[in-house]
Amino acid sequence: MQYGTFPAYRPRRMRANETVRQFIRETEISAKDFIYPLFVKYGTGCRDEIPSMPGVYQVSLDNLMAEIKELQDCGVMAVLLFGIPQEKDAIGSSAWDEHGVVQDACRMIREQAPDMFVITDVCMCEYTSHGHCGKLDEAGNVINDATLELLCKEAVSHARAGSQMIAPSDMMDGRVAAIRHALDDAGFQNVPILSYSTKYASGFYGPFRDAADSAPAFGDRRSYQMDPANAREGVREAKYDIAEGADMVMVKPALPYLDVLYRVKSETGFPTVAYNVSGEYSMVKAAAKNGWIDERRVVLELLTSIKRAGADMIITYHAKDAARWLAEEE
Ligand code: PBG
């Protein structure tokens, strides 16, 4: 024994077995934290696997309730709907069709599975022939304020179909305020807005654009989505949307932007959602398929990391698998 010196720090004492590890565990994930993105399309009998996203399907309405049941069986309580329309045009008019595929899917889930919480993505890129997120001018630029009108029509049509939360992902300026007013005027004061407030122009959306058939026909989205180099601006974007009436904000993608997620959460104190996007999912699936990583370990680790960084909820394609693995561990 050495007198006058402090005992050495021995943090390993609290790592010795699972019980003490559990005593000091700071972050816990559960199926309740997950939101599952669902791609719905027309037709019958479709459950088409997206080649770049193994385990994720585009489903037709007749297969939708089976998908919902599978999610409920593993404890997932919320879905985010994306629609693949039959027809596209320059202004994406099928986006606000009262019997569009998202609207019909929404009504079906609300009637047949009232416990499943339905969030709908509001954007034009799945519905426009050019694949951009709004109305274009002659030079091919997205016209901000003319696009707001279209987004409002889309949001109200979703609310009419029973959507329980409107999630605009277009990145136009002022869309949260515009959509809030439109929802209120139509009598939907109680339908919250989850804003994709802090959405980066990311290479990680590639597989999603296959899934939703929404890749831009020319150019890219850098004139409306954010520059990956900017974190302070990401916090500002979240604050603007909160001032406009957003009920929850979002950071997207998740893993390359955990610093931004941490800052948005700590600097706004607002409920913050992280979107663990398609490219993040596909990388894990590809490496796991090659036997290069242990998928279960890696997925649970990365979802824990996203929550540790500040996410209240995580939108993730891993939701079903992760929920099942978590149930096995209980
Ligand atoms: C629509 C939208 C996109 C994603 C969600 N909503 C694609 C994009 O902005 O190009 C991406 C989701 C993912 O990659 O999983 N604007």
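Q: Leaving aside neighbours within four places in sequence, which residues is Met250 in contact with?
A: In this predicted model, Met250 touches Leu194, Ser195, Tyr196, Ser197, Thr198, Val273, Tyr275 and Ile315.

Q: Where is Met250 placed?
A: Met250 is in strand β8, which covers residues 249-252.

Q: Buried or exposed?
A: Met250 has a relative accessible area of 0%, so it is buried. The cut-off for buried is under 20%.

Q: Take Thr198 from that contact list. How far apart are Met250 and Thr198, in sequence and in space?
A: They are 52 residues apart in sequence. In space the distance is 5.9 Å, C-alpha to C-alpha.

Q: On to the ligand. Which of the 18 residues around the ligand come nearest?
A: Lys199, Arg209, Lys252, Ser278 and Tyr317.

Q: What is the distance from the Lys199 side chain to an oxygen atom of the ligand?
A: An N or O atom in the side chain of Lys199 is 2.7 Å from a ligand oxygen.

Q: And what about Arg209?
A: A polar atom of the Arg209 side chain also lies 2.7 Å from an oxygen atom of the ligand.

Q: Which side chain has an N or O atom 3.3 Å from a nitrogen atom of the ligand?
A: That is Ser169.

Q: Change of topic: backbone. What is phi of Met171?
A: Near 70°, a positive value in a residue that is not glycine. Met171 is in the loop between β6 and α5 (175-185).

Q: Is Met171 buried or exposed?
A: Buried, because its relative accessible area is 5%.

Q: What about phi of Asp213?
A: Asp213 has a positive phi as well, of about 50°, and is not a glycine either. The residue belongs to the loop between α6 (206-211) and α7 (232-243).

Q: How accessible is Asp213?
A: Its relative accessibility is 46%, so Asp213 counts as partly exposed.

Q: Next, Ser163. Where is it found?
A: Ser163 is in the loop between α4 (144-160) and β6 (165-168). With 2% relative accessibility, Ser163 counts as buried.

Q: Which side chain does the side chain of Ser163 make a polar contact with?
A: The side chain of Thr120, at 2.8 Å.

Q: Which residues is Ser163 in contact with, leaving aside neighbours within four places in sequence?
A: Thr120 is one of them, and the others are Cys106, Val118, Ile119, His158 and Val191.

Q: Last topic, helix packing. At what angle do α10 and α11 cross?
A: The axes of α10 (residues 295-308) and α11 (residues 319-329) cross at roughly 100° and come within 10 Å. The two helices are therefore roughly perpendicular to each other.

Q: Which residues make the contact?
A: On α10 they are Glu295, Arg296, Val299, Leu300 and Leu303. On α11 they are Asp321, Ala322, Trp325, Leu326, Glu328 and Glu329.

Q: How many of the residues in the contact of α10 with α11 are nonpolar, polar and charged?
A: There are 6 nonpolar and 5 charged residues, and no polar ones.

Methods. Residues numbered from 1 in each chain as written. Predicted model: local features only at pLDDT ≥ 70, side-chain atom pairs only at ≥ 80, totals over all residues. Heavy atoms only, no water. Axes fitted to C-alpha atoms, helices over the stretch in contact; angles between N-to-C directions. Helix = DSSP H or I, 4+ residues; strand = E, 2+ residues; numbered from the N terminus. Parallel < 35°, antiparallel > 145°, perpendicular 65-115°, else oblique. Contact = heavy atoms within 4.5 Å. Nonpolar A, V, L, I, M, F, W, Y, C, P; charged D, E, K, R; others polar. Buried < 20%, exposed > 50% of the residue type's maximum accessible area, 1.4 Å probe, protein only. Near = heavy atom within 4 Å. Polar contact = N/O pair within 3.5 Å; in protein donor to acceptor, adjacent residues only side chain to side chain.
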